[in-house]
Amino acid sequence: MTEIDATGLTCPMPVLRLQKVLRDTPPKARVTLLATDPMAKIDVPHFLSENGHTLLDQRAQDKAGPGGLDLLIFEVEKA
């Protein structure tokens with residue numbers, strides 16, 4: 001499984017990093033995205049649904065990211 005560390009990056013960078021990795025992976029590949037931008041809670045699921053990918057899991061770890069931000073973890077399966 002591929003892990004993308006987009007912690008500390010703001011919108012739209014977490015989604016753009018995810019898009020780039022998904023473009024280069026085979027169908028049904030699983031990817032984990034780590035982000036701290038609160039907008040990722042909205043942007044990532046929207047991007048995935050618009051492009052036919054599956055959001056397997058979305059969770060947050062309180063204050064686990066850099067600077068004491070919530071760490072958002074997205075588990076994704078490529079269409």
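Leaving out neighbours within four places in sequence, E75 is in contact (heavy atoms within 4.5 Å) with M1, V31, T32, T54, L55, L56, D57 and R59. This residue makes a handy starting point for a walk through the structure, which is a predicted model: local features need pLDDT of at least 70, side-chain atom pairs count only at pLDDT 80 or more, and totals for chains, interfaces and linings use all residues. Residues are numbered from 1 along each chain as its sequence is written, and side-chain values use heavy atoms, with hydrogens and water left out.

E75 is found in strand 4, where helices (H or I, at least four residues) and strands (E, at least two) are DSSP runs, numbered from the N terminus. With a relative accessibility of 16%, E75 counts as buried. Buried means under 20% relative accessible area, exposed means over 50%, and partly exposed lies in between, using a 1.4 Å probe and protein chains only. One of the contacts of E75 is D57; the two are 18 residues apart in sequence, yet 5.0 Å apart in space, C-alpha to C-alpha.

L56 is partly exposed, with a relative accessible area of 38%. Not counting residues up to four places away in sequence, L56 touches R30, E75, V76 and E77. Between L56 and A79, 23 residues apart in sequence, the C-alpha to C-alpha distance is 12 Å. Strand 3 (residues 54–61) also holds Q61, which is partly exposed with a relative accessible area of 39%. Beyond its neighbours within four places in sequence, Q61 is in contact with D70, L71 and I73.

Attention now turns to helix 1. Within this helix (residues 13–23), the buried residues are P14, V15, L18 and L22. Seen down the helix axis, these buried residues fall within an arc of 95°, so they line one face of helix 1; the arc is that of the directions from the helix axis to the C-beta atoms. The face turned away from this buried side carries the exposed residues K20 and R23. For K20, the relative accessible area is 52%, and its C-alpha atom is separated by 19 Å from that of K41, 21 residues apart along the chain.

What do the buried residues of helix 1 pack against? Their partners are strand 1 (2–6), strand 2 (30–35), helix 2 (40–51) and strand 4 (71–77). Helix 1 and helix 2 pack at an angle of about 30°, and their axes are 10 Å apart. Here axes are lines fitted to C-alpha atoms, for helices over the stretch in contact, and angles run from 0 to 180 degrees between N-to-C directions. The contact is made by V15, L18, Q19 and L22 of helix 1 together with D43, V44, F47 and L48 of helix 2. These contact residues divide into six nonpolar, one polar and one charged. In this count, Ala, Val, Leu, Ile, Met, Phe, Trp, Tyr, Cys and Pro are nonpolar, Asp, Glu, Lys and Arg are charged, and the others, Gly among them, are polar.

In soluble globular proteins, nonpolar side chains tend to be buried together. A nonpolar core is a set of buried Ala, Val, Leu, Ile, Met, Phe, Trp, Tyr and Cys residues joined through side-chain atoms within 4.5 Å. In the largest nonpolar core, which has 15 residues, L18, L22, L33, V44, L48 and F74 touch the most other members. Strand 1, helix 1, strand 2, helix 2 and strand 4 each supply at least two residues of this core, and the largest share, four residues, comes from helix 2. Setting aside its neighbours within four places in sequence, L18 is in contact with I4, V31, L33, V44, F47 and L48.

Two loops complete the picture. In the loop between strand 1 and helix 1 lies P12, and the peptide bond from C11 to P12 is cis, with omega near 10°. The loop between helix 1 and strand 2 is the place of K28. K28 has a positive phi of about 70° although it is not a glycine, and this residue is exposed, with a relative accessible area of 60%.
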